[in-house]
Amino acid sequence: MMPAGHYLFLSLALLLIGAIGVVTRRNVIIVLMCIELILNAVNINLVAFSRLYGDVAGQAFALFIIADAAAEAAVGLGIIIAFFRNQETVFADEMDILKW
Amino acid sequence: MPTGYFLEHLWLIPLFPLISAGTMFFFRRLIPKAAVSFLCVGSVALSFLYAAGAVLQLLAVAPQERVYQQILFEWITPGAFATTGGLTQFVADWGYLLDPLSSVMVLIVTGVGLLIHIYSVGYMHADEGYYRYFGYLNLFMFAMLTLVLANNLLLLFVGWEGVGLCSYLLIGFYFKKESAANAGKKAFLVNRIGDAGFLLGIFLIATTFGTVRFTSQGLGDPVAFSGILQTLGALIDQHRLAYGAPVLTAIALLLFAGATGKSAQFPLYVWLPDAMEGPTPVSALIHAATMVTAGVYMVARMSAIYQVAPVAMDVVAISGALTAVIAASMAMVQTDIKKVLAYSTISQLGYMFLALGVGAFAAGIFHLMTHAFFKALLFLGAGAIIHALSGEQDLRKMGGLYNTIPRVSRPFMVATFAIAGFPPLAGFFSKDEILSHAFNKAQMLDRYLLLWIVGWITAGLTAFYMFRLFFLAFRGRSRISTHVEEHIHQPPLTMTLPLTVLMLLSIIGGWFALPVLWGEKNYFAEFLAPTLGGVEADTGTVQLGQHPLPKEYLLMTASVAMASLGLWFAYKLFLKNPKLHAQIAEAWPRLHRVLTHKYYVDEIYEVLFVNRLKDLSTALGFLDSKVIDGVAIDGTATLTRVFSRMSMWWDKWIVDGSVNLVAKITSGFSVPVRMLQTGMFSMYATLILLGLVILLGYYGHHMQSWVRNLR
């Protein structure tokens, strides 16, 4: 196996890209995709450590996360569609109904 | 010591009229009129009988012992206090005294009172206040008898005030008439002024002598039951009080102030003419025979004090003479028959005080007795005229009644001669006695001659106005209005009988005290001598002998001549040439006006006292409404309003304000916090990330060591 650090570096990079994307992107669907990136980053991290210490729990956890990510994506998209039906927009800066 | 049934039951004499008065007041509705008459006249008759019996039993002992005192109970016992004579136990008791002076008074009061009660039965029979009248009249008898029978000054004062009250009630008897009600008030108020002085005199006596009892004779122990007479003598003997001492003069003057009010002397006489508003028998009893003589009686009773206070005696004499002549002058122009008699009473009372003031105490009491007879007769006669003329009282509307009502006119004529002082009627002897004593005193000091001259002139004026009254009322052409003339009727027997009795008394009443110089005994003066002797004092006065007989006759002739002059003038002006007096009045209009307006005394009093008193009450009313009501009441209200406004401010701004402040602070804080909720989820995501980073940084060092342990 390759040195664990490489996997960790990849996970970090994906995490950061995803995080910045959530904060910065205008289109909320892109934000959802960035959330998936974060989740995948976490997966890679988990699998890398699992392989490192020979503990299968990491990989099992990663499977859970994949299932959870799928459900979350479905729900998220559902919300976006409902919101779009109401407000006619998918841009984050125009979603300010809950503004004070 | 005199004893006997009537003396032991002396206390019943005032009690009989009190019981009948009480019955009148409580049961008047239940008693028929005839029973009222019987009860009230009967009680006075009983009093007269008991009085006569008591006096007869008194006469049975020697002259020095003719003092009977009985004490019913101890009335006022304040304890010991300091007096001029030392520390004394003061006791005022409710007791009765019968000695020569009070026996004369009690016989006059009950005798003349009885005659007037009988007269009133006829006079008042048509009045609806019959019961009330007799109730008040009997109450008056009770008070007057208490006054004359009292054994000390305080009980005398009780009677004094009682007669003042009854005078008020009886003057204002026709209370629906405003002038009568006012006259009653005036009498009581003017009287009260004198009473203030009287009370001060009593207090001064109490602190000087330690007792108010007249004499201790007849009571056994002279120390336990001290009397003024004995204490005065003792103090003078011990040289603690001197003849003419200021305190004695003060006492005498203060007592005389009371007499001035009660006996209508100048300047407190103004109530007596107004008192004629009451029924005529009331005027006869109270304002001629009894109540007004209470002052004379009181001064005579206190003669011991007056005899050692010569300044006060002079004041009494001068006041008496002054009153006599002023009142006589006012009587000359009065047109109301009762007012003439009222001023005549004031004038004759002046004579009595003149007598007391020159030291002729017995003569003063003698004149009191004869005056009671003929003045009561005059008033009752006037009442009979008024009754016969259906209420006419104006002299200008009378005349020619001499033969119309002979049962009235004959006694009236006798009384007129008596009051004018013609011998051998009663008035001559008493008046002559007074004038001769005044002349006697003038030998001592020429000033006193003036008193005799004033008395002599007043005798002439008296004759003048009395005969003026007689001629205008009874003689001459009739000026009676035809309406009244149709209804003239003879008065009933109950009214004419007392007139006849009084006429007899006016004739023979003077014969008790025939002048000593005629070789007769002066029974009256001898009878009274023990009471009026006074105390032995080193007076330093010259004992005067009697005048020589020719001088006495000269004086008598002078008085009769003056009286005849008055009669002649009255005859000329009012009978012979009726228009003459009107011409004289026109000749001296100012004098006539001053006399008719009674020297404007009433007006002066109104300006000086009545209006000033009204001003005082206005000022006090102003004080009450503006200051007391304004400051206290309205001020309190304003203060309450100010406080409530302050309270409101506190409530609104402080209490509510703090609540609002909390709310404002909260909403103040919410403003920046609210800004956080932008509704833009990318900001929320940013904040989550930020928080995560902070947490990681905080717990970072733990993680580093844990990761190292993992390797």
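pLDDT is the predictor's confidence in each residue, on a scale from 0 to 100. Keep that in mind, since this is a predicted model.

Confidence, then. Chain B has a mean pLDDT of 84. In that chain, 94% of residues reach 70 or more. For the model, ipTM is 0.86 and pTM is 0.76.

One stretch needs care. Over residues 537–545 of chain B, pLDDT stays under 50. The model still has nine contacts for that stretch beyond four places in sequence. Where pLDDT is low, predicted coordinates should not be read in detail.

Now the cores. The largest nonpolar core holds 215 residues. Which members touch the most others? They are B:F140, B:V299, B:L354 and B:A376. Helix α16 of chain B, residues 361–388, gives this core its largest share, 19 residues. Another core lies apart from it, with six residues, including A:V28, A:V31, A:C34 and A:A92.

Last, a residue in chain A. A:F91 sits in the segment after α3, the helix spanning 57–87. Is A:F91 buried or exposed? It counts as exposed, because it has 11 C-beta neighbours inside 10 Å, and the cut-off for exposed is 12 or fewer. Beyond its neighbours within four places in sequence, A:F91 is in contact with A:R26 and A:N27. A:I29 is 62 residues from A:F91 in sequence. In space, their C-alpha atoms are 8.9 Å apart.

How values were computed:
Residues are numbered from 1 along each chain as its sequence is written. Chains are lettered from A and ligands numbered from 1 in the order in which they are written. This is a predicted model: local features need pLDDT of at least 70, side-chain atom pairs count only at pLDDT 80 or more; totals for chains, interfaces and linings use all residues. Helices (H or I, at least four residues) and strands (E, at least two) are DSSP runs, numbered from the N terminus. A residue is buried if 20 or more other C-beta atoms lie within 10 Å of its own, exposed if 12 or fewer, and partly exposed in between; C-beta atoms are placed from the backbone. Two residues are in contact if their C-beta atoms, placed from the backbone, lie within 7 Å. A nonpolar core is a set of buried Ala, Val, Leu, Ile, Met, Phe, Trp, Tyr and Cys residues joined through C-beta atoms within 7 Å.
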